[in-house]
Amino acid sequence: MSQTVRTRPEGSGQALSEAYDTALLDLDGVVYAGGEAIAHAVDSLATARAGGMHLAYVTNNALRTPDAVAGHLTELGIPTVASDVITSAQAVARLISEQVPAGARVLVIGGDGLRVALRERGLEPVDSAEDEPVAVVQGYGGPDLPWSRFAEASYAIARGVPWFASNTDLTIPGARGIGPGNGAAVEVVRIATGAEPQVAGKPLPPMHRETILRTGAERPLVVGDRLDTDIEGAFNGEVDSLLVLTGVTDGAQLLAAPPKHRPTYVDADLRGMLTGQPEVVEAGDGFRCGGWTATAGSEELELTGEGEALDGLRALCAAAWTAAGEGSCELNGGKALARLGL
């Protein structure tokens, strides 16, 4: 796929909730963290919805069913129905259904989200390699998933049964911190078998396809906190994205982002959906946003001026991404980010 290399965050004269018909929102790190709503998320989403924006929640976590996710969001004060939720379990179930006969048995290494999604596609979940499955599917099964489940997958894959994974996120955030995600579990089976799974979740095309099929979005905006799933997924789907800084991505990672990880817009939290976005403009040999001007020096990124910290970050992005071109910026931005408190 050939795309123009993004060299700066874009501006928008319209509120993003007006410029796009559908927000495709990640959950962990965007809407909630550790099960609790992130500051400003509930009110921002209510305002966007009242203005006519369709809200859809797109998660790589295959453990919970759409009903369970919708129930959790509703409890947090975000009215949601199951059809508003798209999971990597749904995406991988569709991928499998396109390659195996209707009613086929599929060995499940994971939780209820996978089982419900498989049944929705007319497939039969089973628990043992001895049940003659025609496929193996692996998704996050929670922290108590027994080690024996990985062995069961390995036995079937070693017999030539095709292997699918809902996603390969190496980590998953929780109330106590960052824990191993489904990608870490996939690595266990990969080491045991030497096989490679077909993967459905973000940032890969099957997840974006599932999302568009289920939402009917014509002008979608991906909203996420992870560069390697949310933003890369938007890049692969050739749609715009908003990075919010309420999750795992920090300023240094953003400045070093290669083209596929560069968001269209950057904001602090979901309030950014309700406003326009300031423009970043060329200023001599640097870039200006608000009261800040950023330039790429010989060894580090330099920042002058004053104003809103996010404007300084946007200016720094432009200087870093322009200097990096199609690669990753290697200039040190530590002093500039420290000045912004980021």
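Cysteine 289 is buried (under 20% relative accessible area, where exposed is over 50% and partly exposed lies in between, with a 1.4 Å probe and protein chains only), as its relative accessible area is 0%. The model is predicted, so local features need pLDDT of at least 70 and side-chain atom pairs count only at pLDDT 80 or more, while totals for chains, interfaces and linings use all residues. Residues are numbered from 1 along each chain as its sequence is written, and side-chain values use heavy atoms, leaving out hydrogens and water.

**Cysteines**

The whole structure contains zero disulfides, a disulfide being a pair of cysteine sulfur atoms within 2.5 Å. Two cysteines illustrate this.

| Cysteine | Relative accessible area | Closest cysteine sulfur |
|---|---|---|
| Cysteine 289 | 0% | cysteine 317, 9.8 Å, too far for a bond |
| Cysteine 329 | 10% | cysteine 317, 10.0 Å, too far for a bond |

**Nonpolar cores**

A nonpolar core is a set of buried Ala, Val, Leu, Ile, Met, Phe, Trp, Tyr and Cys residues joined through side-chain atoms within 4.5 Å. The largest has 29 residues, of which Leu25, Val31, Leu270 and Met273 touch the most other members. Another core, of 28 residues, lies apart from it and includes Cys289 and Trp292. Leucine 270 has contacts (heavy atoms within 4.5 Å) with residues including Leu25, Val31, Leu45 and Val244, not counting residues up to four places away in sequence.
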